[in-house]
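Have the sequence and the 3D view open side by side. Walk through the structure with me, one surface at a time.

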Number of protein chains: 2
Amino acid sequence: MSTREAILTAAQRHLTRHPAASMADLAAAAGVGRATVHRHFAGRDELLGELGARSLDRWEHTLDHAGGTGVGPAATADAEQLRACLDDLMTRYVADSDDFGFALTDTFLLGSAEHSARAQALFEREVAFYEAAQRAGVLRDDVPAVWIGHAVYGLLVAAREALRLGDVPRRGLDRLVLTTVLQGGAA
Amino acid sequence: MSTREAILTAAQRHLTRHPAASMADLAAAAGVGRATVHRHFAGRDELLGELGARSLDRWEHTLDHAGGTGVGPAATADAEQLRACLDDLMTRYVADSDDFGFALTDTFLLGSAEHSARAQALFEREVAFYEAAQRAGVLRDDVPAVWIGHAVYGLLVAAREALRLGDVPRRGLDRLVLTTVLQGGAA
DNA sequence: CTCATGTGAGACATTCATGTCTCACCACAC
DNA sequence: GTGTGGTGAGACATGAATGTCTCACATGAG
């Protein structure tokens with residue numbers, strides 16, 4: 001693995017547990033000198049920006065491939081297929097949050113205009129899918145689809161935190177999130 | 001209102017939208033000089049610590065009074081009462097997150113040993129309540145109670161974000177969170 | 001061997017938030 | 001009027017993170 005990749009990978013992992021890590025911290029986490037980090041990334045913004053872009057790439061890829069056909073406003077109206085797609089989507093999201101969990105709440109990324117614009121476009125695409133699922137009777141339609149989008153986001157944050165604190169096992173976490181998204185917590 | 005209270009109130013509100021705000025930002029948000037802030041709070045840590053303590057006070061107060069009797073491990077086994085208590089708890093949490101939403105994800109507070117210890121104690125108390133609700137058949141018992149605790153936390157983060165972005169109206173948000181916690185998003 | 005490349009270590013300057021201090025001002029009580 | 005307390009504005013110092021630069025070293029290709 002190239003040094004650049006090693007830095008990105010280590011930073012990704014380290015930022016999940018230490019969101020306020022300095023460049024020196026990230027360099028140490030990657031096992032390289034601080035100057036080496038600056039050779040590959042002009043500054044902290046560029047490093048974070050690269051990680052943010054990758055997290056968005058992953059998100060987009062997930063939306064493109066979830067359920068085989070991908071996710072979008074022109075989704076099928078077949079309830080069973082939508083259900084399966086939703087299932088796959090959550091499984092992929094949990095896996096993604098394992099790698100890019102820090103991006104869910106990172107202050108710098110949330111404040112970056114470029115990142116926010118892309119994130120909002122992907123979010124709207126996801127919400128359009130939830131709307132399709134509502135029309136097909138897969139998701140309840142007495143709440144705004146955009147709220148379902150936010151709720152899924154919140155549950156991914158919850159999953160990341162539960163994992164970080166060791167409160168739940170990694171194995172099976174995707175089923176936990178999926179059933180919570182669908183059925184909630186009532187008996 | 002005293003200047004000190006004005007600073008705290010303004011900082012609370014400002015931090016929800018700008019988590020990385022500097023002392024100068026917070027002073028400007030309160031409409032006072034930067035020196036005045038330092039007259040009342042020795043440093044940023046003290047200001048944030050005070051806000052964090054207040055958010056924990058609010059949380060504790062909510063646990064003490066939710067459902068009239070409060071929330072704890074020795075809760076009643078009466079299902080209907082537990083349901084009502086859960087309802088009240090969520091309503092209060094949503095109201096609280098309106099004021100102390102920033103505390104849910106603030107990096108400084110999460111890293112503060114004192115704050116974390118108190119937060120964990122309150123969280124455990126809350127989880128004990130969820131366990132009681134599971135035993136009474138109010139909450140599903142095929143998932144760990146601690147996961148329900150994290151899920152509630154995540155949905156409060158979601159509510160804060162949805163509100164911040166103007167995606168849902170403030171009015172009725174507590175019902176939205178409650179029904180999502182209980183029933184999830186399935187039709 | 002020789003050279004090019006990438007790296008580690010460290011010195012150095014810069015920037016920014018922070019914290020401290022002084023001084024003038026204003027409102028208010030006396 | 002006079003004094004007092006709280007404030008605003010700004011100067012100043014400090015520390016941490018950042019960004020730049022140089023030099024020595026290791027590795028691998030030629």
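H3(A) supplies the largest share of the surface near DNA strand C, with three residues. This is a predicted model. In total, 15 residues surround DNA strand C. The closest come from both chains: Thr3(A) and Thr36(A) on one side, and Ser22(B), Met23(B) and Gly43(B) on the other chain.

Now look at how chain A is laid out. It is divided into domain 1 (1-41) and domain 2 (51-183). The C-alpha centres of these two domains of chain A lie 27 Å apart. Where they touch, seven residues of domain 1 of chain A are in contact with seven residues of domain 2 of chain A. The domain 1 side of that contact has four nonpolar, two polar and one charged residues.

Next, turn to the contact between the chains. Chain A gives 33 residues and chain B gives 33 residues. On the chain A side, helix H8 (145-164) and helix H9 (173-183) are the elements that give two or more residues. H8(A) gives the most, with twelve residues. The chain A side divides into 21 nonpolar, nine polar and three charged residues.

H9(A) deserves a separate look. Its buried residues are Leu173(A), Asp174(A), Leu176(A), Val177(A), Leu178(A), Thr180(A) and Val181(A). What do the buried residues of H9(A) pack against? Within chain A, they pack against helix H5 (79-100) and H8. Across the contact, they pack against helix H8 (145-164) of chain B. Just after H9(A), Gly184(A) takes a positive phi of about 75°.

How are the two copies related? Two copies of a chain are related by a rotation about an axis and a shift along it. Here, chain A can be laid on chain B by a turn of 180° and a shift of 0.0 Å along the axis, with an RMSD of 0.1 Å. The two copies are therefore related as by a two-fold rotation axis. In chain A, the C-alpha nearest the axis belongs to Gly184(A), at 1.8 Å from it. The same surface serves both copies, since 100% of the contact residues of chain A recur in chain B.

Conventions: Residues are numbered from 1 along each chain as its sequence is written. Chains are lettered from A and ligands numbered from 1 in the order in which they are written. This is a predicted model: local features need pLDDT of at least 70, side-chain atom pairs count only at pLDDT 80 or more; totals for chains, interfaces and linings use all residues. Two residues are in contact if their C-beta atoms, placed from the backbone, lie within 7 Å. Helices (H or I, at least four residues) and strands (E, at least two) are DSSP runs, numbered from the N terminus. Ala, Val, Leu, Ile, Met, Phe, Trp, Tyr, Cys and Pro count as nonpolar, Asp, Glu, Lys and Arg as charged, and the others, Gly among them, as polar. Domain bounds come from an automatic or database domain assignment. A residue is buried if 20 or more other C-beta atoms lie within 10 Å of its own, exposed if 12 or fewer, and partly exposed in between; C-beta atoms are placed from the backbone. A residue is near a molecule or strand if its C-beta atom, placed from the backbone, lies within 6 Å of it. Copies are superposed by least squares on the C-alpha atoms of residues with pLDDT of at least 70 in both.
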